[in-house]
Amino acid sequence: MANMIHRLAFTYPPDASTFAKDTDSTFTFITWVCIFFFVLIVGLMFYYMVKYRRRSEDEVTPHISHNLALEVVWSVVPIILVIYMFYVGYKAYDKMMDPIAIIEEVGPDGKYIDLYVNGKQWSWDITYPNSEVVNSISSLRAMENGKTGWKFKRLKERLPLLDLVDASENGLNDAFKAKVDEVLKDKSIFSPEGENADFLKEDLPGLKKDLEALKTYSGDEFKLEVKSLYKKYSTFSDYMTVPLGIPVRLNMTSNDVIHSFAVPAFRVKKDVIMNRTSVIWFKATKPGLYIYTCNEMCGVDHGHMIGYLRVVPQDEYYKFEKSLVGPKDPWEEGKKLYAACSACHNLDGANDGKSGPTWKGLWGSTRELSDGTTAVVDEEYIRESILQPNAKKAKGYENGVMPPQPLTSAQIKYIIKFMQSPNQKPEKK
Amino acid sequence: MSTHDSNIEVDKSQFLERNVSHHFETADQEMDSCKLGMWLFLLTEILLFGGLFVAYVVFRSWHPETWEAGAEHLDWKMGAVNTGILITSSLTMALAIRQAQLNDKKGTVLLLLATVILAAGFLVVKYFEYGHKFHMGIFPGGENYMFAGRHLSNEHIYFSIYYMMTGLHVLHVIFGMMAIIWVTFRAAKGHFYSAYYTPVENVGLYWHLVDLIWIFLFPLLYLTK
Amino acid sequence: MSEAGTNYINHEKGLKSWLTTVDHKRIGLMYLWSVIIFLLAGGLFALMIRFQLAKPELDFISKQTYNQAFTLHGVIMVFLFIIPSIPAALGNFVLPIQVGAKDVAFPRMNLASFYIYVIGALLALAAIILPYLPSFQEAGWKPLDAGWTFYAPYSKHTQGPVIMMTTAAFILGFSSIFTGLNFIVTIHKLRVKGMTWYKMPLLLWSIYATSILQVLATPVVGITLLLLIMERTLDIGIFDPALGGDPVLFQHFFWFYSHPAVYIMILPGMGVISELISTFSKKVIFGYNAIANSSIAIAVISFFVWGHHMFLSQQTTYSSMVFSFLTFGVAIPSAIKIFNWVATLHRGSLDFKTPMCYALSFLFLFTIGGLTGLYLGTLSTDVMLHDTYFVVAHFHYVMFGGTAIAFFGGLHYWWPKMYGKMYNETVGRIACLIIFVGFNITFFSQFFLGSTGFPRRYHSYAGDSHVAETWRSMSGLSTIGAVILGIGIAIMFINLIISLKTGKKAPKNPWGGTTLEWETQSPPVHENFEGDVPPLEKAPYTYS
């Protein structure tokens with residue numbers, strides 16, 4: 001029943017992160033304030049429209065010009081309410097926007113995950129730790145290419161399997177069976193036409209068999225079968241995947257114009273700009289499939305920068321991570337990329353007039369900056385130094401000549417790997 | 001300072017007497033309104049340049065070394081000469097208003113002309129400055145504008161701001177000259193006398209603002225070494 | 001002394017007399033018809049948008065055309081309709097008469113203002129039409145598609161008439177500045193004897209506050225657009241991150257004007273509502289001082305809240321905090337006005353003529369618009385709602401449900417004065433009702449689209465996400481509402497235009513108003529008043 005009411009309210013996306021509770025309760029509070037004042041103002045207005053409608057042309061109205069007490073009351077009460085709104089909004093926002101606050105949400109193992117997000121016209125690249133770039137294709141594009149969460153466009157609409165898995169107890173009833181029969185007769189699924197027809201036709205015999213089989217299951221087995229059907233007819237590697245219950249930090253940038261990465265179900269969003277890193281983080285609390293969107297006009301396919309994000313149990317996430325194909329050898333890739341850097345950065349520390357600091361002994365050292373402060377040369381520092389070289393300039397190199405390098409997150413990782421032991425390839429563990 | 005006094009006798013052999021516009025009740029109301037209007041317009045000009053000053057402050061705080069280096073390409077002596085020229089032109093302008101108030105048609109015209117000539121002098125100095133830079137390739141699209149890969153980065157931002165600020169200012173000097181020339185013609189025809197000199201005063205106000213803006217530009221751009 | 005039957009319309013005949021007029025009333029009318037034409041043009045683009053979004057994955061118009069549609073809808077509505085509508089069209093006509101003067105302080109500047117507007121408008125039209133011509137398409141031009149906000153660096157790189165359109169906006173800005181300047185001086189210097197500041201009609205207070213904003217804020221967008229043009233043509237590197245520039249700086253510059261701009265839009269509307277509520281309640285306005293002072297307060301505070309458009313732009317949390325706090329500050333004076341208007345109705349004698357119907361619609365719609373602003377000023381909820389349809393719904397409620405509705409109300413209120421004709425009341429009220437219903441259907445549904453995450457400026461949407469059901473139903477409903485709204489607006493204008501031919505002759509004071517414009521004939525004579533205006537004795541809105 002509560003579920004139904006929540007669905008009827010249809011004002012919120014699913015609440016799938018630790019932020020959702022806070023944001024939604026603030027949202028609800030504001031809604032109650034709005035309802036109160038709306039009813040008060042419009043209610044009074046309608047009441048007066050009836051009670052004080054003009055009944056004769058010689059009516060005389062009283063000369064009530066003002067009332068100071070009333071002015072004070074209806075100024076002070078709203079002020080108090082908005083101060084509260086401001087406060088709760090600010091507290092939550094501060095937490096969301098603070099890249100370090102993620103530490104507060106980690107479990108006893110202290111783990112959190114750093115993902116790298118690259119916005120570009122017109123898709124998002126997600127890079128997972130220790131892996132190659134995973135291109136997350138937008139939902140509409142994906143459907144055009146036939147590579148979507150649901151391979152068969154209409155299938156999910158006809159068979160709301162996820163909902164039935166939640167709602168049903170025995171799992172099987174006549175209505176559902178009838179639905180399956182409907183699907184089996186659906187020409188748009190079983191007689192595909194157009195560009196992707198061949199690609200889709202490959203799987204049709206299997207789909208038919210599985211759907212027929214689905215009608216024979218019941219109880220828990222039914223639920224399992226539905227889940228495996230779902231898994232079988234989707235292409236997971238096109239989803240952005242995050243684990244349940246481990247905080248995730250997104251380090252984001254753009255390759256070109258301003259984009260904005262948002263996950264409505266997590267209540268997070270932030271703009272991404274070229275040559276800058278913006279950070280948001282979240283901890284997912286409910287497994288499932290959610291959307292992410294681009295929320296800043298970026299060109300003709302801005303509306304297609306919408307994709308799927310799935311939250312999976314932790315072990316499944318790690319399995320997924322492992323399954324992503326990485327480069328054959330990150331160190332070798334880094335060495336190849338170094339060739340472009342070698343014009344200004346040497347590896348042997350010799351002072352032969354090169355324009356940039358040497359990489360000898362660089363990794364992990366503490367470096368003196370031009371403004372007198374120091375910084376540890378870690379992953380974050382290197383990343384910033386590549387994307388925004390003049391953000392922190394090394395002492396002695398104030399005339400920052402290094403232009404920003406638009407490398408992808410994966411490329412930056414390779415360079416770091418190389419930089420960690422530039423003169424000698426590390427032993428394989 | 002006396003304002004319009006409609007009891008003043010106008011010497012019709014020299015001056016063209018003017019009636020108050022029909023929608024104003026008195027000459028005073030008209031003059032006050034025109035002055036207020038001019039001040040408001042000057043306010044908009046301050047905000048227009050204000051945007052550029054903000055850009056200056058922002059980028060200078062991010063790239064202080066660029067500012068110092070960029071200023072080396074500016075000749076502060078030429079800037080100082082221009083400052084002197086403009087301040088003198090403001091003086092001649094103020095004196096021109098004074099002479100109009102004193103019914104001195106000849107003096108008004110001469111002083112206005114002096115203002116225009118000084119303004120032209122400002123432009124001549126600017127011409128040499130810009131010319132020198134163009135010769136060195138420091139202009140948008142020129143070789144030395146971007147300075148990428150040389151010993152400084154982002155120097156083009158310095159020059160972009162330099163050109164925008166001084167360029168917009170030069171445009172306003174030109175608009176000012178046009179206005180002063182127009183007012184000079186009218187003064188020669190005897191339009192302005194002690195009871196009516198509002199256009200001269202308003203053009204003067206505008207010119208003082210143009211001068212004032214330069215007085216800010218000069219140290220901010222030329223004296224930052 | 002003028003002859004019986006002469007007025008400012010038949011005072012001088014012929015096209016030339018209109019094109020060279022310095023009569024504020026004629027200039028007001030010329031503005032009026034211009035803004036109406038642009039309202040309709042902008043509305044057509046809106047219908048294109050709504051038809052495209054009626055169902056998931058439609059291809060009613062291409063992606064390219066869609067991007068142009070919302071860009072032009074925004075540019076036309078903001079610069080060519082809303083900003084000039086009440087001040088330049090209605091204000092020009094009414095203000096000098098209300099003040100007791102014969103004209104504005106600078107009549108020739110007023111005409112110049114109008115022509116600058118026309119030039120800007122023509123340039124904007126060129127920017128819209130030219131990309132469709134074959135020779136321009138061959139040169140690689142595509143239609144304008146950066147959104148009316150023109151964020152860099154997209155606006156730098158996109159091919160198309162960005163420079164032409166920004167120049168048009170620059171020119172239109174001057175029109176706005178000169179009008180504001182004119183009004184400020186008129187109000188300061190040309191008030192009739194006895195009309196002290198606190199005896200001015202509230203319309204004048206609101207136009208005064210608006211004019212301050214126009215004069216101070218518009219130059220900043222001027223320099224912003226100039227910088228953008230320089231960036232595009234000369235690569236000066238100020239906004240382009242690839243050249244070391246800062247795209248967020250563009251946003252700061254842009255919103256420094258564009259936030260006060262929205263108050264330029266709403267303040268005159270609020271002034272109109274004060275007039276309407278009082279007249280049609282036949283009751284003194286409640287809280288005159290509060291309403292007058294709050295107009296100035298809004299104008300002042302509005303300069304300090306621009307960053308609330310940029311909470312997610314990577315500006316610091318500290319900046320966001322300050323802007324959020326101040327944004328609530330600017331909300332309070334608006335709320336105070338609403339309470340005072342409702343209090344005016346109390347024990348009034350309410351007459352539901354067409355202008356009053358619009359005024360009451362305003363109270364309803366602007367309340368929703370203002371309240372929904374609270375979600376956006378609150379930092380955490382804004383994270384969820386930024387750049388979604390929630391924002392779109394909010395600003396349409398305040399700009400359309402607020403300003404445009406007030407404009408329609410004012411139009412119906414002063415129509416008899418402007419043209420000396422009465423329109424059909426019944427049809428007028430029906431049109432208002434249709435507009436009210438259509439508007440709410442169109443835009444209330446969009447709040448739900450936004451809160452479930454539907455982003456702005458999307459050409460189409462898929463039907464299969466977890467919020468797809470909401471998106472499908474609400475988007476479809478919104479389109480139906482838009483059609484109803486369009487019908488209502490059409491009926492409204494047709495009714496007004498017909499009245500020019502067949503309307504009854506209007507008396508001097510058809511509504512029982514107490515401000516000075518109701519003491520002249522309808523339409524007024526060329527000099528506004530016959531003979532001298534006696535010094536003002538009573539405060540406005542005094543009925544007893």
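Chain B and chain C bury about 2,700 Å² between them, 79% of it on carbon and sulfur atoms; buried area is the accessible area (1.4 Å probe) that two parts lose on being put together, summed over both. B:His23, B:Leu47 and B:Met164 supply 19% of the area that chain B buries against chain C, more than any other three residues. This is a predicted model, in which local features need pLDDT of at least 70 and side-chain atom pairs count only at pLDDT 80 or more, while totals for chains, interfaces and linings use all residues. Residues are numbered from 1 along each chain as its sequence is written, chains are lettered from A in the order in which they are written, and side-chain values use heavy atoms, with hydrogens and water left out.

| Interface | Residues in contact (heavy atoms within 4.5 Å) | Buried area | Salt bridges |
|---|---|---|---|
| Chain B and chain C | 31 of chain B, 34 of chain C | about 2,700 Å² | 0 salt bridges |
| Chain C and chain A | 93 of chain C, 93 of chain A | about 8,200 Å² | 3 salt bridges |

A salt bridge is a side-chain nitrogen of Lys or Arg within 4 Å of a carboxyl oxygen of Asp or Glu. C:Asp246 forms one with A:Arg276, and their closest N and O atoms are 2.4 Å apart.

Between chain C and chain A, 68% of the buried area is on carbon and sulfur atoms. Across this interface there are 27 residue pairs in polar contact (both at pLDDT 80 or more). A polar contact is a pair of N or O atoms within 3.5 Å; within protein, one must be able to donate a hydrogen and the other to accept it, and residues adjacent in sequence count only if both atoms are side-chain atoms.

Helix H2 (residues 18–51) of chain A and helix H12 (residues 354–377) of chain C have axes that come within 9 Å and cross at roughly 170°. Helices are DSSP runs (H or I, at least four residues), numbered from the N terminus. Axes are lines fitted to C-alpha atoms, for helices over the stretch in contact, and angles run from 0 to 180 degrees between N-to-C directions. H2(A) and H12(C) are therefore roughly antiparallel to each other, a term for angles over 145 degrees. Among the residues that meet are A:Phe27, A:Phe38 and A:Met49 in H2(A), and C:Leu360, C:Phe364 and C:Tyr375 in H12(C).

Methods: Helices (H or I, at least four residues) and strands (E, at least two) are DSSP runs, numbered from the N terminus. Angles under 35 degrees count as roughly parallel, over 145 as roughly antiparallel, 65 to 115 as roughly perpendicular and the rest as oblique.
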